[in-house]
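Let's take a friendly walk through a protein together.

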Amino acid sequence: MKELQRLLDRLIQRANINLREINYDATPVIQNLVPLRQMDKFYAFYGISNYHPLDLQFQHANLAGSYFLGKCRVASSLVYKSDVRGDELKKKGDVFKFQNFEIPITRDEGIDIEDSFLVKTLVHNFSHDPESLEWFFIKDTISTHYANIHGSPCDGCFLGPFATADLTTLRDCIIGAFSYVQAGEISHMSIKPGTIWVRSPGAFNFFYQYDRSRLEKYISYTTGSAPTGIFMEVAEACKEDFQNIFDRVHIEHPVAVPETASVDRYALVKGGTHISDNVLVAQRAFLDNAWMGKGANAQENCYIVNSRLEGNNVTAHGAKILDAELGKNVFVGFNSFLNGRPKTKLKIGEGCIIMPHTIIDAETPLAIPDGHLAWGMITGPADIKTNTISIKEFAAVSDHFSMGDLFFEGSGKAFVEAFEHRIQHILEANGAFCDGTCSLGHAQFNQKISFNTLQPYSEGDLKGLFPTITIRP
């Protein structure tokens, strides 16, 4: 295991060099993220199908428990129980539109992870950096439990637990626990825990900051310690059930799956769950007594328990829906937490947009009306008055707007249209509108994925490292 320790020391050095201007020492973080003895216990796995590219390269890395799909390269990195999805990368011949530029893609894009330590992190979608269109790079970066790196190149960064970098290029930045950043491009910034920041330069700026004392109940993280709180309790409660999924060669889910839907081989679906047409259930999603209406989806690390989704619902990466009823066309953003009670289910009206990293924890019966935008922390009726607004009313904002701890400036119409366009794209990409002949998406393409496994060295100086491997058609 000497080589694994040397690799760990290298990653500490690389991270500290990049974060020196923010005066951040990654040493206690990295040393306590995952014990090295854990890194040789789990196989890595990758997906193969006729619908997805196959171009994987692994060199001087540990990949314990991680999943790879598409065109990906990992070098001198530790990638622990993470999901690296390259099934929506840009293709040679595509045209990338950025501001007034139309930039041709000269070769197929790939995900490039180097000198980084990713723990239970989702990496997905294509780079939105106009300067690196063919490579979605993650360099000298530490990303901790259940973070999301979504279309966001990262160079020299630290992401805390349940943090999300979305469609943003990050350079030498710290993204605090449970913060969500979609800001185009930022550098040398330290984002406080519980920050929700959505910015489109020249169009709008949405900013919300959680009360740290209220947030600690859900996620608390101190450098050098494991994260704690309700989010971790929910995510870790099913560890043994998931381990059974990974330990077995053949899995038969206990529910009927229509021909136009797909439930991933590494999803955990329990009895009492209903899967309708065009439903997508991704790897590491957990469903128990869940009604999934036509076109609904549960993306990676989602938990849907004792809940009903009427149809065309987007449950983005890491979102949790417990004891709730959602009308049609409801969007639940990254890492959001919707928690009702068994006898008084939380109700979310049709066409609502639940902003990323929203906490709705219903201490009393709660209902969000149809067509509303919701954000921040909502635990009772008083919070609905300060943390929700009708989407139509928000779209009418043309200058400044504030409500409770939300501050917004710019065009509400541009903000709403950007979200609605993205939700439509997600539904289309996931195959929610498939009619059997066209509009195929992940729900249909993922049906025929097969999986192969990769194993590390089991003893000696190389224990825990995976051999250099190139996998191509």
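Start with D166 and R422, which pair up in a salt bridge, with 2.7 Å between their closest N and O atoms. Keep in mind that you are looking at a predicted model.

How is the chain divided into domains? The assignment gives domain 1, made of 2-234 + 450-471, and domain 2, made of 239-446. Between the C-alpha centres of domain 1 and domain 2 there are 23 Å. Each side brings residues to the contact: 46 residues from domain 1 and 46 residues from domain 2.

Now to the interface itself. The size of an interface is often given as the accessible area lost when the parts come together. Here, domain 1 and domain 2 bury about 4100 Å² between them, and carbon and sulfur atoms give 59% of that area. Look on the domain 1 side for F204, F206 and Y208: these residues lose the most area to domain 2, and together they make up 16% of what that side buries. Charged and polar groups meet here too. Three salt bridges are found across the interface of domain 1 and domain 2, and 23 residue pairs are in polar contact between the two domains.

Let's turn to empty space. Rolling a probe the size of a water molecule over the atoms shows where empty space is left.

Note on methods: Residues numbered from 1 in each chain as written. Predicted model: local features only at pLDDT ≥ 70, side-chain atom pairs only at ≥ 80, totals over all residues. Heavy atoms only, no water. Domains from an automatic or database assignment. Contact = heavy atoms within 4.5 Å. Buried area = accessible area lost by both parts, 1.4 Å probe. Salt bridge = Lys/Arg side-chain N within 4 Å of Asp/Glu carboxyl O. Polar contact = N/O pair within 3.5 Å; in protein donor to acceptor, adjacent residues only side chain to side chain.
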